[in-house]
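Student: Could you walk me through how to read some features of a protein model? I'd like the general idea and then the case at hand.

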Amino acid sequence: MILSTLLALESTARTDNERIVVISDTHLLGPALVIPGSAIDQADAGDTKMMAMSDDIMAALTDSVINIKPRLVLITGDLTYNGERASHERMAQYLDRMASHGIQPLVIPGNHDCNNPYALRFDGDKTLPAATVTRDEFAQIYGNYGYGEKSKRDPASLSYCCEPVKGLVIIGIDSNMDEANTLTARGDSANTYYNGGRIKPETLQWVIDQATKARKQGKNVIAMMHHHLVPHFDQQDRLLANYIVQDHDNIARQLMQAGIHTVFTGHLHVTDAATLYNNEHTDSIVEIATGSAICYPFALRVCAIDRKRHCIDIDTRWLTATNGCPTLRQEGRQRIINAAPGMAAMLSDRAWSKVGSHMGQLKKMLEVGGGKTNLPETPQQATQLVLRHLKEVLSRTLLAVVEGNEQENDVEELINQGKAGIRAMIEEAAPDQLDALWEFFQADVYPKLEPLVRSILADHNAVGSLNESRTDDLHLKAPL
């Protein structure tokens, strides 16, 4: 009787607290595609992705997953570096190893994974084209990991629906646009590559039908896709449109109504969570984005399904070392810090595209009455101006965003440091007009920027609206 009781308790624990691991953007580059040399060194240098170590990292992740012993592993796209067939085949080997330990992996493609014209192999000091995969070939390679006979397939995409655990339905949503890619290797006149996201209308209806059916049968539903569904900061759909699906608000609300309340994503390489409520605040959909497995902070999510409380307890863990790199986190963190100049260049280029043609006129206006100016004359000079005064702020902001729970940093101190940097930029560029220009910035410019700044730095969504929310990025309960 004692043995029967223990077995019953074990069974109940498995049913009521089933674990799922979620990882994303593994960007695996198969070792068969690499002959060491300057080509791989140059591609890896300066990138936040530790691409040259991707196989070593995937081996360590596989060991971690096996130690955690989840029922399922969800991989939310960008499995490979650039869609190389050899990289997909290598990934399948790692998934086979997980499966041999009784763990069921499920995958969904990302924008890098299919029909990629930039699939490469690195041969010493040169790069050469490598074979990529079609969408049909992707489904064949991962036939045991979402695309097999046990899954229902959407005829219009690589979306699927399966029930790997009794009563728990997983819907993989294909949000990619790679069908529009063109490849010279296949006879097209040019290479074109689309990394934006959308869900086809017929696919959306198919997903809604599957979720509605599962809910009517009393089953729980979890979705995963590559691109974001819910904005993770204000104006994401304007500033980073390629990272969130088109018509996202309408789609998210339809999925919520169909009974999908939790969606796992990737793509932007940030560890972040965001919530969208219905108008009455009686229902919600939570999107949990997991950062890239080969970028600091090397996150993986461990999720406990609690059916009695109808929720998912989500904990975030970090890969700290691999066999080849015992200082993985330190090296990865430094790569984020080193990305500040690239961010400064991006900001400068965007600003220059709007004001660059007016710099001569602005210079004349500011020099009326004999005033001196040192205005930048090129985007490169603008970038250097930004870096001289805002480099530390940019690095701190990047670290906060990729780590998650940005509000745990001193937001006011960071904002004040940023303002001080901007004032110093004005003083360098137009010293004789400092007071007037600073007053203009404080009164007219910053108030328009403040909601966006606080949304990013304080980790809030829809700042100032009735739907304003903050979702814990690292340790949260998501609705089931």
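Student: Where is Pro 297 found?

Tutor: Strands (E, at least two residues) and helices (H or I, at least four) are DSSP runs, numbered from the N terminus. Pro 297 sits in the loop between strand E13 (284-289) and strand E14 (299-306). The peptide bond joining Tyr 296 and Pro 297 is cis, with omega about 10 degrees. Before we go on: this is a predicted model, where local features need pLDDT of at least 70 and side-chain atom pairs count only at pLDDT 80 or more, while totals for chains, interfaces and linings use all residues. Residues are numbered from 1 along each chain as its sequence is written, and side-chain values use heavy atoms, with hydrogens and water left out.

Student: Is Asp 78 buried or exposed?

Tutor: Buried means under 20% relative accessible area, exposed over 50%, and partly exposed in between (1.4 Å probe, protein chains only). Asp 78 counts as buried, at 1% relative accessibility. Now take Leu 239, in helix H7 (residues 236-239): its relative accessible area is 22%, so Leu 239 is partly exposed.

Student: What is Leu 239 in contact with?

Tutor: Contact means heavy atoms within 4.5 Å. Leaving aside neighbours within four places in sequence, Leu 239 is in contact with Phe 233, Arg 350 and Leu 452.

Student: How do I read the angle between H12 and H13?

Tutor: Axes are lines fitted to C-alpha atoms, for helices over the stretch in contact, and angles run from 0 to 180 degrees between N-to-C directions. Under 35 degrees counts as roughly parallel, over 145 as roughly antiparallel, 65 to 115 as roughly perpendicular, and the rest as oblique. Helix H12 (residues 379-403) packs on helix H13 (residues 411-429) at about 170 degrees, with axes 8 Å apart, so H12 and H13 are roughly antiparallel.

Student: And what is the angle between H9 and H12?

Tutor: Helix H9 (residues 328-338) and H12 pack at about 130 degrees, axes 8 Å apart, so H9 and H12 are oblique to each other. Here Arg 333, Ile 336 and Ile 337 in H9 meet Ser 395, Leu 398, Leu 399, Val 402 and Glu 403 in H12.

Student: What about H3 and H4?

Tutor: The axes of H3 and helix H4 (residues 85-100) come within 10 Å and cross at roughly 15 degrees, so H3 and H4 are roughly parallel. The contact includes Met 58 and Ile 66 of H3 and Met 91 and Tyr 94 of H4.

Student: Which residues touch the most other members of the largest nonpolar core?

Tutor: A nonpolar core is a set of buried Ala, Val, Leu, Ile, Met, Phe, Trp, Tyr and Cys residues joined through side-chain atoms within 4.5 Å. In the largest one, of 68 residues, they are Ile 20, Ile 57, Val 107, Tyr 142, Tyr 147, Ile 222 and Phe 264. Helix H3 (residues 54-68) contributes the largest share of this core, seven residues. A second, separate core has 27 residues, among them Ala 214 and Ile 285.
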